[in-house]
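This report describes selected contacts in a protein model. Look at the sequence and structure below, then read on.

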Protein chains: 2
Amino acid sequence: MKHTKVKDLLNSAPGLHEVKAKGWVRTFRNNQFIALNDGSTINNIQCVVDFANTPEETLKRITTGAAVCVVGTLAESQGAGQKVEIQVSKIEILGDSDPEKFPMQPKKHSLEFLRENAHLRIRTNAFGAIMRVRSTLAFAVHQYFQEKGFFYVNTPIITGSDAEGAGEMFKVTALPFDGTPRTEEGKVNYKEDFFGKETNLTVSGQLEGETYAMALGQIYTFGPTFRAENSNTSRHLAEFWMIEPEVAFNNLADNMDLAEDFIKYVIKYTVDKCGDDLKFLEQRLIEEEKSKPQADRSEMALLEKLSFVMDNNFKRVSYTEAIDILKNSKPNKNKKFQYPVDDWGVDLQSEHERFLVEKHFKCPVILFDYPANIKAFYMRLNEDGKTVRAMDILFPGIGEIVGGSQREERYDVLLEKMKALGIDEKELYWYLDTRRFGSAVHSGFGLGFERLVLFVTGMTNIRDVIPFPRTPQNAEF
Amino acid sequence: MKHTKVKDLLNSAPGLHEVKAKGWVRTFRNNQFIALNDGSTINNIQCVVDFANTPEETLKRITTGAAVCVVGTLAESQGAGQKVEIQVSKIEILGDSDPEKFPMQPKKHSLEFLRENAHLRIRTNAFGAIMRVRSTLAFAVHQYFQEKGFFYVNTPIITGSDAEGAGEMFKVTALPFDGTPRTEEGKVNYKEDFFGKETNLTVSGQLEGETYAMALGQIYTFGPTFRAENSNTSRHLAEFWMIEPEVAFNNLADNMDLAEDFIKYVIKYTVDKCGDDLKFLEQRLIEEEKSKPQADRSEMALLEKLSFVMDNNFKRVSYTEAIDILKNSKPNKNKKFQYPVDDWGVDLQSEHERFLVEKHFKCPVILFDYPANIKAFYMRLNEDGKTVRAMDILFPGIGEIVGGSQREERYDVLLEKMKALGIDEKELYWYLDTRRFGSAVHSGFGLGFERLVLFVTGMTNIRDVIPFPRTPQNAEF
């Protein structure tokens, strides 16, 4: 007999036929009640062991973490919180779990401790929930774009171009540090490296994505990107997953519409599919915040917050308006900002973004039309000659979740900008070619997937929403 | 007025209302007929220009590759091959394309030439079709697993463990080649590197995936993997995408069932969605093979071959049986194999696999129960003590498309195997933990995504089924 998943058993009606379940023991109470979980759902199925007719030796081996196979009938449950339970007629221990050694005992563990045990933390309720939500969000991303006729493009991870400028890059090499091949001038001879040139890990697939958008019309990427920056914060990873749609003929307003519609869709999809996991995570957050002063607690419970984002328009505000609001804000006048806002043109700091989103507008905000000189070279220059068609989407508690722009489609303007910034036009000839042959208005954005998972799960440290986080001084597993 | 996608226009009924289309000119005949494509489909829409009332200057700019916007009415087409066409009332040139310079002129280009222009080849019919098929296959992968209740797991790309043993690895580092930090003994001081240790690009997410399968039950990965091997063949890439499902409680037979069902599903999904693209690719292959002698041409046309795979069981053959067949085969007896097959225990070469699949069985073949010493350390040892529960799926024209196994779930046996092979148990303590705590039978496999795309598109060089291929001496774009 094949075993049935716990999720399906819990949705079944009681009956006299035999069922089989396999999973891991979460708890074992009174030598009688196993809470069995197989990862298919956050909910355990209660398995009632006939302890009078089960060998003592077997009962001893039913410990937290052990893998077991039970056979029995599905009966109406007398206990609270579940409709059915398994009246066990036969139990087999598949794999033991020494209670003296298994680190994931049923008690509260700190998130730090769990991070050190990233290979086992997935066996806890919280991480099971987080990673099921993550998986569902990822699928929602694909489904959204595919339904809209976008094509998924795998842009390269190893890149020969270092002109993207989005951040510090990791070197990829097959050359040895000892006896590195050198040119006659004593420089590293990258011609002898695997790719015959210097190569790095990509920081963004955007530029390559644009070449595809200018042929397939609507594309998206969803892959890993990298930053070799020494940012040891709760919002930064050295390796993270990014989603980058790019659409021919879209202007900045279309781009904002797409980003907002997309985010609402993936949240709605996940709320619909992951109700039990999100309810658990909502409760987890409430418990966690109990130790905080009232003022530091979330204003809304997790599911209420997600509904709020789905049901309300994101507020669209130009950079210039935002600067006005910030200049005249209380914290600015009372000198509470670490970086005072006085002049148009300054880059916004996290404290400013948080003020706008969390205090002033109290909803997701799309800031647009930034000063040209604080944004990337490929962004479309506005007619005012000083701002570009950039947009950032800011989320409460998260900060920037999306960065995007309408792209500079005019060959001459783009070339001039690259020259002014010292970007090698030979290096990026292929990017310039998109503007030489059949150029057109187009736009896109990048969304950091882990920041989205943070927002939806209510977790606060980005290391807790990716299976095996990579951060400075940490590449375990 | 918003523009409508070409795909949707082609599916519309003629009418008197105005429509707008944007796209790129594929050809312009007789100063009158534009074949317009926007990437949404392989099919162009014919746009009939009123050349008598269009300025000469504009007509001159309607060249292959130019981006244009046309407004007009959708009329029944008089021409062959299309139901509707646009009777253009207004045309605007969005972006010019100098016919003297645009490399993608409407003529036959060699695949080599197109590879050198990987940023523009996507503007050809063939590459548009290939990449739409690739995107559809990728979505089918996600949909298959999500429908079956698998969870998508992003295993790490940068890995601190080099014990996976699947192939040569690329080094990832932020250390400089000049003035590399050294220990007192003169060795490279990786403590000063970004992660505080030596790190590489992953060759497989399997080991990390197993830790998740032993908690979530059914998981899959789908991400980039890397090999720093100097294999300049039409079947190898240094960077490629791999799909790796892993299932708790599955034995080798379950694993074969899963792999076969999965492959049939994604092919069926793609055939259903990409009919026009596949018909084009089928025709392309027929044309290409016309220059070959009859014996070297494909026995079946592309769609017939795909139907054959969907409709027939894969042949399951043990390694031992396969060796018997090969030993007694004509090419072996006539010494036509480069590597003669005489003894049980030899590794199978590509020529042997091809003989089994293409000549002997003439269908996809699953080989299983390989000798332990030609397979990886983590595979389940059979009771005979000399074979392991490994399986490879071999496809005609492609060779190995899937490699998988039931995993060794017994702690002691696994540890002994690792020791015998000199694999550091401290390095892989986390992998061993899955066998220390609640171990259970489990199985999984890896499928090289590009090989699947090769098979479905009928292309023959793996560089032509990934947007920007990475191979020895090549990391352009």
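## Between the two chains

Six salt bridges are counted between chain B and chain A, a salt bridge being a side-chain nitrogen of Lys or Arg within 4 Å of a carboxyl oxygen of Asp or Glu. One of them joins Asp178(A) to Arg182(B), with 2.5 Å between the closest N and O atoms. There are also 37 residue pairs in polar contact between chain B and chain A, both residues at pLDDT 80 or more. A polar contact is a pair of N or O atoms within 3.5 Å; within protein, one must be able to donate a hydrogen and the other to accept it, and residues adjacent in sequence count only if both atoms are side-chain atoms.

On the side of chain B that touches chain A, helix α4 (residues 125-147) of chain B gives the most, with 10 residues. Helices (H or I, at least four residues) and strands (E, at least two) are DSSP runs, numbered from the N terminus. That side of chain B divides into 51 nonpolar, 35 polar and 27 charged residues. Here Ala, Val, Leu, Ile, Met, Phe, Trp, Tyr, Cys and Pro count as nonpolar, Asp, Glu, Lys and Arg as charged, and the others, Gly among them, as polar.

The contact (heavy atoms within 4.5 Å) takes 113 residues from chain B and 112 residues from chain A. About 9100 Å² is buried between the chains, and carbon and sulfur atoms give 62% of this area. Buried area is the accessible area (1.4 Å probe) that two parts lose on being put together, summed over both.

## Basis of the model

This is a predicted model: local features need pLDDT of at least 70, side-chain atom pairs count only at pLDDT 80 or more, and totals for chains, interfaces and linings use all residues. Residues are numbered from 1 along each chain as its sequence is written, chains are lettered from A and ligands numbered from 1 in the order in which they are written, and side-chain values use heavy atoms, with hydrogens and water left out.

## Salt bridges over all chains

Over all chains, the structure holds 54 salt bridges. Among them is the pair Asp257(A) and Arg316(A), whose closest N and O atoms are 2.9 Å apart. This pair links distant parts of the chain, 59 residues apart: Asp257(A) is in helix α6 (residues 252-273) of chain A and Arg316(A) in strand β12 (residues 315-318) of chain A.

## Around Glu358(A)

Glu358(A) sits in helix α11 (residues 350-361) of chain A. Leaving out residues up to four places away in sequence, Glu358(A) touches Pro396(A) and Gly397(A). A polar atom of the Glu358(A) side chain lies 2.7 Å from the backbone nitrogen of Gly397(A).
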